[in-house]
Amino acid sequence: MSAPILKNFVAGKWVEGMGGLVEIASAVTGETVAQTSSAGLDFKAMLDHARTVGGPALRKLTFHDRAYILKDLGKAIMECKEELYKLNFQTGATRKDGWIDIEGGAGTLFAMSSTGRRHLPDDKIFMDGPAEQISREGSFMGQHIYTPRHGVAVHINAFNFPVWGMLEKLAPTLLAGVPAIVKPATNTAYLAEAALRIMVETGRLPDGAVQLIVGSVGDLFDHLTGQDTVSFTGSAQTASKLKNHPRITSQSVRFVAEQDSLNASVLGPDATPDTPEFDLFIKEVVREMTVKAGQKCTAIRRAIVPMDLLGAAEDALKARLAKITVGDPANDDVRMGALVSQAQRDDVRDKIAILANESEIVFGDPHKVEVIGGDINRGAFISPVLLRCDNPQSAVNVHEVEAFGPVSTLMPYNDLDDAIALCNRGEGSLVMSLFTHDGQIARDFALGAGAYHGRIAIINRDSAKESTGHGSPLPVLVHGGPGRAGGGEELGGVRGVKHYMQRTAIQGSPAIITGVTNSWMKGAETDASAPHPFRLKFGDLNIGKTIETKPRTITLDDIEHFAEFTGDNFYAHMDDEAAKANPFFPGRVAHGYLILSFAAGLFVDPAPGPVLANYGLDELRFLTPVPAGDTIKVRLTAKSKKKRNDEYGEVRWDVLVTNQDDEAVASYDLLTMNAI
Ligand code: NAP
């Protein structure tokens, strides 16, 4: 029986390429797992479909609507995960490796869904920072906003994480409201295709929101425009070729690249063999070498240790590597599976040969490995290989050549500055890790190496148990690195979503900016008519609804009573002379908390009603001191709303407390939960 033919997903239909089938071999047995082709596809029509059908459908939804779609997609992946695990073994990955890819991918969808619901509004426009006052009277102002770009996100993915690699890009793209065309790497396209099929079958993806190309992208690049984004993961060579495509330059197409990375891990000078940090470092280096057979963009390629610990580190690493069993990843006794293909293994062997010009292989033979199960001749197995480079300061290749397999080079440093300089010789990496228990050493590294690394994981005895480790990109933290790593940035919570949106500075009057953003701006109209805003349910409460309270005079008795009641006898409230000596006060003044409490007493409508709870204050500032005898009043205005669930939503109120001279005494945002 011939291997199944993968299908492209084009304009809502699964279609086979027209001829030119490429066979994809199992990494374990060499047998053909699938055949694939994208020949004959109309790539321009795919782009048009995404732009004219997928984009508009996604833009009709709010961030929260789209966040719920991500959640449902993640649930579907989890429900069908065993189907994906079966295919995962064929890529050479163990179940543990597959967990990172499959459940890590679903986890990324869940995390980005949660980011969308927590940090983005239930709206279609996202405000970037606070309003900018640009005129003296306040009638003309500026507000930066983000809206979804009207193009397509073209995702070109690497072979190593066919599911996670697809989902970590799809999650921010869809959340932003932008359709995607995904092109997985051919070697593992069968796993990406299966994962997308599961998501399509949920019926939750609007037509045109995601399309799939299982093969070459043909002339797709010739039809890109300035509204499109290309997000590429793979080798520097391919990145450079694609980045320099005439269409990318002529149309200023956004191009995000995640490419090679010579990630380093450093054993701090304080981490001697008798410390927990030494053991943690050894474990992490071996883990990073062998998880996914070292085919991880974040894997530790350079293990950098103090000169006097070189021997101890080498012995410890070798002892641990000796325990790694290689073979059929479906076998429970196997710790490390195969590389993705024999071609990849040839490439890794070639790269080891280059590295060995400057270093000595101290563990493993690139051409010899014992395997448990699998087909040693047709599979893509290789032993973990540890090299040692005694003069990394003068070596070149060790900082430049990435063997994308279970390969790492151990090297010594002389002092902290030398360690930092060696890390930075990678000329830009996705991640570096540092094993230290010393805050000053950590700071020196952050300052000295920060510019060269997208992420710095500092691990020690305090964090080890909960640490996510050197190699795991996290949805809430940026993933990407400068220079050799491609200069791109993905993930990072809302930061990742912004990559697919356009930032625009909107200028206008407060009423206009309120109209654009659905968020009340100071100076815009208010509605102070009855009823009291606290009597209105979430759905009936309009932005700008206001209450202006009656005044209340603050007496010395109030201040003393408050001091005694709360126990806050701070001198500024209790000792006139001492208060006068303070540069901020004219004499004894009311407590800030007294003002807040009295303000609440003025604006609250006490009877049970739609306001369910006070949820907190933001941006609180006390602006003018209030001595006894001053009279305060409050203006409370509904500023913005965010639905939380079917029962209640969060209302943000703009609160301004003023005195008898209309000077601002305090200003803050009050948050309440209101019944729907
Ligand atoms: P690659 O050859 O550059 O392939 C990467 C992707 O580009 C694949 O989907 C490939 O498709 C596609 N591609 C190749 N030529 C293309 C072209 N002319 N037009 C459009 N697409 C094209 O990379 P690889 O060797 O498979 O992947 C390993 C490399 O990726 C390593 O260097 C690793 O460091 C890097 N990587 C980086 C990250 C990161 O986040 N920084 C993550 C994973 C991997 P085909 O498979 O169909 O050729």
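Which residues of α19 are buried? The buried residues of α19 are Gly592, Leu594, Ile595, Leu596, Phe598, Ala599, Leu602 and Phe603. The model in which they are found is a predicted one.

**The chain as a whole**

The chain has 676 residues, and 54% of them count as buried. It contains 19 helices and 29 strands. Taken along the principal axes, the C-alpha atoms fill a box of roughly 90 × 60 × 45 Å. Contacts between residues at least 6 apart in sequence can be sorted by separation: 73% of them join residues at least 24 apart.

The largest nonpolar core holds 53 residues. Within this core, Ile77, Met166 and Met199 have the most contacts. The element that gives the most to this core is helix α6 (residues 189–200), with 10 residues. Another core, of 43 residues, lies apart from the largest one; Ala271, Ala293, Ala303 and Val348 are among its members.

Which residues does Met199 touch, leaving aside those up to four places away in sequence? Met199 touches Leu73, Ile77, Leu109, Met166, Leu167, Leu170 and Leu205.

Helix α13 runs over residues 439–449, and its buried residues are Ile441, Ala442, Phe445 and Ala449. Seen down the helix axis, these buried residues fall within an arc of 100°, so they line one face of α13. An α-helix has 3.6 residues a turn, so residues three or four places apart point the same way. On the other side of α13, Gly439, Arg443 and Leu447 are exposed. What covers the buried residues of α13 includes β12 (264–267), α12, β19 and β20 (453–459).

Asn460 is in the loop between β20 and β21 (478–479). With a relative accessible area of 13%, Asn460 is buried, because buried means under 20%. Asn460 touches Glu277, Leu280, Thr436 and His437, not counting residues up to four places away in sequence.

**Aromatic rings**

A pair of aromatic rings is described by the distance of the centres and the angle of the planes. The count comes to 9 aromatic pairs. Two of the pairs are set out here.

| Pair | Centre to centre | Angle of planes | Type |
|---|---|---|---|
| Phe9 and Trp14 | 4.6 Å | 40° | tilted |
| Phe161 and Trp164 | 6.1 Å | 75° | edge-to-face |

Why is the pair of Phe9 and Trp14 tilted? Their planes are at 40°, and planes under 30 degrees apart count as stacked, over 60 as edge-to-face and the rest as tilted. Phe9 is buried, with a relative accessible area of 8%, whereas Trp14 is partly exposed, at 22%. In the pair of Phe161 and Trp164, both residues are buried.

Phe63, Phe126 and Tyr146 form one aromatic cluster.

Charged side chains also lie over rings. The charged end of Lys292 sits over the ring of Phe161, 4.9 Å from its centre. Arg95 lies over the face of Tyr85, at 3.7 Å from the ring centre.

Ala293 is found in the loop between α9 (276–290) and β13 (302–306). Is Ala293 buried or exposed? At 2% relative accessibility, Ala293 counts as buried.

Glu427 has a positive phi too, near 55°, and is a residue other than glycine. Glu427 lies in the loop between α12 (416–424) and β19 (429–435). At 46% relative accessibility, Glu427 counts as partly exposed.

The peptide bond from Ala530 to Pro531 is cis, with omega near 0°. Pro531 is in the loop between α15 (510–517) and β24 (546–548).

Technical notes: Residues are numbered from 1 along each chain as its sequence is written. This is a predicted model: local features need pLDDT of at least 70, side-chain atom pairs count only at pLDDT 80 or more; totals for chains, interfaces and linings use all residues. Side-chain values use heavy atoms; hydrogens and water are left out. A nonpolar core is a set of buried Ala, Val, Leu, Ile, Met, Phe, Trp, Tyr and Cys residues joined through side-chain atoms within 4.5 Å. Buried means under 20% relative accessible area, exposed over 50%, partly exposed in between (1.4 Å probe, protein chains only). Helices (H or I, at least four residues) and strands (E, at least two) are DSSP runs, numbered from the N terminus. Contact means heavy atoms within 4.5 Å. Rings of Phe, Tyr and Trp (its six-membered ring) pair if their centres lie within 6.5 Å; planes under 30 degrees apart count as stacked, over 60 as edge-to-face and the rest as tilted. A charge sits over a ring if NZ of Lys or CZ of Arg is within 6 Å of the ring centre and within 35 degrees of the ring normal. The arc is that of the directions from the helix axis to the C-beta atoms.
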